[in-house]
Amino acid sequence: FQEDSVYRRNRLLVAFDMDSTLIAAEVIDELAKAAGVGKEVAGITERAMRGEMDFKESFRQRLALLKGLPEATLEKVASCIPLTDGAERLTANLKRFGYKIAIISGGFTWFGKKLQERLGIDHVYANTLEIEDGKLTGRVSGPIVDGPGKAEILKKIAAEEGIDLR
């Protein structure tokens with residue numbers, strides 16, 4: 001929704017979440033299925049949805065269950081996840097009209113970079129999977145991207161692009 005104001009025509013940045021927004025799946029769930037821990041990950045997600053733990057803690061626990069998953073599995077999972085209907089058309093039209101497009105996600109940069117290549121995304125901010133010796137360590141490198149982190153990233157991108165947040 002856009003407020004009809006003097007700033008409406010000057011908006012030049014669109015930020016998307018990735019999982020269940022630009023793509024029609026939750027990557028961590030798909031990785032968990034591939035690792036044989038789908039039910040365990042789903043259980044942690046349910047507890048977080050009930051407010052029994054915060055996002056960061058649930059994320060750490062879910063990710064830890066992926067420890068040892070071969071890096072090659074990422075490509076297999078990526079090849080099976082469809083784009084959300086209309087994502088290609090929407091991003092192509094936004095680019096044509098001069099918009100900068102960002103993915104700001106609690107998902108993973110590995111998958112965000114694939115979308116960046118395919119859709120012409122300008123900025124990708126997500127969690128970086130830690131990989132050692134060709135396997136996931138069950139951790140991320142750097143801070144976990146959560147709700148407050150997404151707001152800060154949005155401000156950072158707007159500043160870099162010279163776009164007024166209004």
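Modeller: The face of helix 5 turned away from its buried side carries R89 and R96, both exposed (over 50% relative accessible area with a 1.4 Å probe on protein chains only; buried is under 20%, partly exposed in between). The model is a predicted one, in which local features need pLDDT of at least 70 and side-chain atom pairs pLDDT 80 or more, while totals for chains, interfaces and linings use all residues. Residues are numbered from 1 along each chain as its sequence is written, and side-chain values use heavy atoms, leaving out hydrogens and water.

Helix 5 spans residues 87-96, and A87, T91 and L94 are buried in it (helices are DSSP runs of H or I with at least four residues, strands runs of E with at least two, numbered from the N terminus). Viewed down the axis, these buried residues fall within an arc of 60°, so they line one face of helix 5; the arc is taken over the directions from the axis to the C-beta atoms. They pack against strand 1 (13-16), strand 2 and helix 6 (109-119), contact meaning heavy atoms within 4.5 Å. After helix 5 comes G98, with a positive phi near 90°.

Strand 2, one of these packing partners, covers residues 100-108 and supplies at least two residues of the lining of the largest pocket. F108, which lies in strand 2, is buried, its relative accessible area being 1%. Together with F55 and F59, F108 forms one aromatic cluster (ring centres of Phe, Tyr or the six-membered ring of Trp within 6.5 Å; planes under 30 degrees apart are stacked, over 60 edge-to-face, the rest tilted).
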